[in-house]
Amino acid sequence: RHVSPLGRAIELIADGNFARARLVLARCADSAETADVAAATAACLLAQERPSEAAPLLARACALEPAWPLHHWNLAAACHAIGDATACHQALRRFIATSAEPTGLAGDPDQPARVAQAVRLVAELERTARLSAFR
């Protein structure tokens, strides 16, 4: 069976071999699957606890495929990790909005829990913002 370089990189990510996956992904930079390459590279960086490097790649994936909820979810995770509450809030709101549309995530058993968590986090971020406005 022939596996594309992107497919191979995703297999390496699933196996936890992030450094090797990033090497394979570097060869995919000019691919027609640019949003997927950016998102996969960002997933490696997040797994390697490098969210500040992952965030711009996820922002690019969001710009290229704005209707795909997981790009926004992962961007929110990166922004949360670097302490950017405003960007995290915006990404979570986009995740919730895009999740309301029918996508390939409809059959993902983890999606309802992600949406519920996003709704809770948005409410918490908004509550925190209101409280800090009074300080």
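Student: In what order do the elements of the protein chain run from the N terminus on?

Tutor: The model is a predicted one. Read from the N terminus, the order of elements is α-α-α-α-α-α-α.

Student: What radius of gyration does the protein chain have, and what would a compact globule have?

Tutor: For 135 residues, a compact globule would have a radius of gyration near 14 Å; the protein chain has 16 Å, which agrees. Its C-alpha atoms fill a box of roughly 60 × 30 × 25 Å along the principal axes. Of the 135 residues, 33% are buried. Among contacts between residues at least 6 apart in sequence, 44% join residues at least 24 apart.

Student: How is the packing of two helices described?

Tutor: Two quantities describe a packed pair: the angle between the axes and the distance between them. In this structure, helix 4 (residues 51-64) packs against helix 5 (residues 69-82) at an angle of about 155 degrees, and their axes lie 9 Å apart. Angles over 145 degrees count as roughly antiparallel, and helix 4 and helix 5 are therefore roughly antiparallel to each other. Their crossing is left-handed.

Student: Which residues make the contact between helix 4 and helix 5?

Tutor: Helix 4 contributes Pro51, Ser52, Ala55, Leu58, Ala59, Ala61 and Cys62. From helix 5 come His71, His72, Asn74, Leu75, Ala78, Ala81 and Ile82.

Student: How many residues of this contact are nonpolar, polar or charged?

Tutor: The contact of helix 4 with helix 5 has 10 nonpolar residues, four polar and no charged ones.

Terms used:
Residues numbered from 1 in each chain as written. Predicted model: local features only at pLDDT ≥ 70, side-chain atom pairs only at ≥ 80, totals over all residues. Heavy atoms only, no water. Axes fitted to C-alpha atoms, helices over the stretch in contact; angles between N-to-C directions. Helix = DSSP H or I, 4+ residues; strand = E, 2+ residues; numbered from the N terminus. Parallel < 35°, antiparallel > 145°, perpendicular 65-115°, else oblique. Left-handed = near helix turned anticlockwise from the far one by under 90°. Contact = heavy atoms within 4.5 Å. Nonpolar A, V, L, I, M, F, W, Y, C, P; charged D, E, K, R; others polar. Rg over C-alpha atoms; globule rule 2.2 N^0.38 Å. Buried < 20%, exposed > 50% of the residue type's maximum accessible area, 1.4 Å probe, protein only.
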